[in-house]
Amino acid sequence: MKAIMVMFDTLNRHMLSPYGGPDWIKTPNFERLAARTATFDNSYVGSMPCMPARRELHTGRYNFLHRSWGPLEPYDDSAIELLGEAGVYTHLVTDHQHYWEDGGGTYHPRYRSFELIRGQEGDPWKGEVKDPEGLSLEGLHPIARNMFRQDRVNRGYIRADDEFPQARTFAAGLEFLERNHREDRWFLQIETFDPHEPFYSPESFKKLYAHEYDGRLGDWPVYGPVTESAEDVAHMRCEYAALLAMCDHYLGKVLDAMDRLDLWKDTLLIVNTDHGFLLGEHDQWAKCVQPFYNEVAHTPLFVWDPRAGVRGERRQSLVQTIDLPATLLDFFGAKLPPDMQGKPLRRTIETDEPVREAALFGIHGGHVNATDGRYVYMRAAASGKNEPLYDYTLMPTHMRSRFHPAELTRLELAEPFSFTKNVKPLRIPAQTRGDLHAYGTLLFDVREDPRQLRPFRDPEIEARMIGLLLKLMRDNDAPVEQYERLGLTAK
């Protein structure tokens, strides 16, 4: 028994041909993948964005109601670690630089071995004191300024196609397969940061989407409302499509290896992502600034389970990231920890057996969302103050920094939650942002309005969706103040 996960970051479901993507974007290896797997039509994010999603990938629990971006907690059960304890060799190959920042440092050591590929985005990889020529950083936030500068430095060391971080990541993953394919009981996670922004790809892929453009927009959109022209938006979509073509190409190499090494007979294959990305839809760039529309929240997912033997079929059951660690543990016959909320997908793959009535998703301090597969209910904060809001953690780090002493002056010990194993976490007032709630509460019928262009009001449907949302929050042992923040009653 063996397992491979190919995980992309920011992979847009609506731009993939197996999901009815536009004709001008070609993803032949994703089509090939869909022909060999069960393709899930109702896969949703849980906790946003990158590392919160990866905490779910380890714990099988929602993260976003209790804390913001951060590491695994001391009381978290890691499915990867549990696989190791069950005699499964686990190996991670990734160029996702957030793993080696303050807010992600406890994830990759859970694997038996790991390879960290440098150079993506603003990864502090190559050191050059002198600023790159022709680089303008005026008007940028200090964090963005550092990232843009470092990215420009890094690109100076990425020239040939095989020098791109994604190429090196897949090369390392394929090397593991060649060396170990005859062995038993291993799990390989090939995880690339692409097609996350910046949409930097080799010219060989850019040529596939060559277009005339004389604007100033590069390949790295700024999060927030679109203020650029339609031509700028079209250009950015081409840049994304080129990087997506690169992802499709290297996915094909994994499929080639599975064919050549005869891995389909005993190897679980999961191809997934953490979330999508807005490329001008809803007049927005990116994610996290706006409610999580389908372009961000509704994700692609493909699974081949050799026990089920299901290939080329669609599955309608509602699934989430939290189900993937449960599926891995089940595949290797390892016991699921009692705190895990995700469900193994074996029966869903076999017969489309449902694993949940509704799904919860969101970001810490943002809308709390629920979907039953047809309706999506986005619950905003009751007031513009977006309070009360706290981080519950024993690992007080943000994405790229430790908590500042000023943030810790009002901390206190909280009572244990159901999943903290009788441990009292720190309770720290969280940074709040009112702009996350400027849209108000929204309700969509995604069957009739999949692009979510027409929010509507229906008291009966809204009451039912609130009931589902409250049940999911209670099941997650949500902090009591989250109900107050949303203007809901805990009972």
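Which residues of S8 are buried on one side, and which on the other? Thr 267, Leu 269, Val 271 and Thr 273 are buried on one side, and Leu 268, Ile 270 and Asn 272 are buried on the other. Buried denotes under 20% relative accessible area, exposed over 50% and partly exposed in between, with a 1.4 Å probe and protein chains only.

The model is predicted: local features need pLDDT of at least 70, side-chain atom pairs count only at pLDDT 80 or more, and totals for chains, interfaces and linings use all residues. Residues are numbered from 1 along each chain as its sequence is written, and side-chain values use heavy atoms, leaving out hydrogens and water.

**Strand S8 and its partners**

- Strand S8 covers residues 267-273 and is largely enclosed by the rest of the structure, because seven of its seven residues are buried. Strands are DSSP runs (E, at least two residues), numbered from the N terminus.
- S8 pairs with strand S1 (residues 2-8) in the parallel sense over seven bridges; pairing requires that DSSP find at least two bridges between two strands.
- Leu 268 in S8 stands opposite Ala 3.
- S8 and strand S12 (residues 302-304) run antiparallel and are joined by three bridges, with Trp 304 in S12 as the bridge partner of Leu 269.

**Thr 371**

- Thr 371 lies in strand S16 (residues 368-371) and counts as buried because its relative accessibility is 0%.
- The side chain of Thr 371 reaches the backbone nitrogen of Gly 373 at 3.0 Å and the backbone oxygen of Tyr 375 at 2.9 Å.

Terms used:
Helices (H or I, at least four residues) and strands (E, at least two) are DSSP runs, numbered from the N terminus. A polar contact is a pair of N or O atoms within 3.5 Å; within protein, one must be able to donate a hydrogen and the other to accept it, and residues adjacent in sequence count only if both atoms are side-chain atoms.
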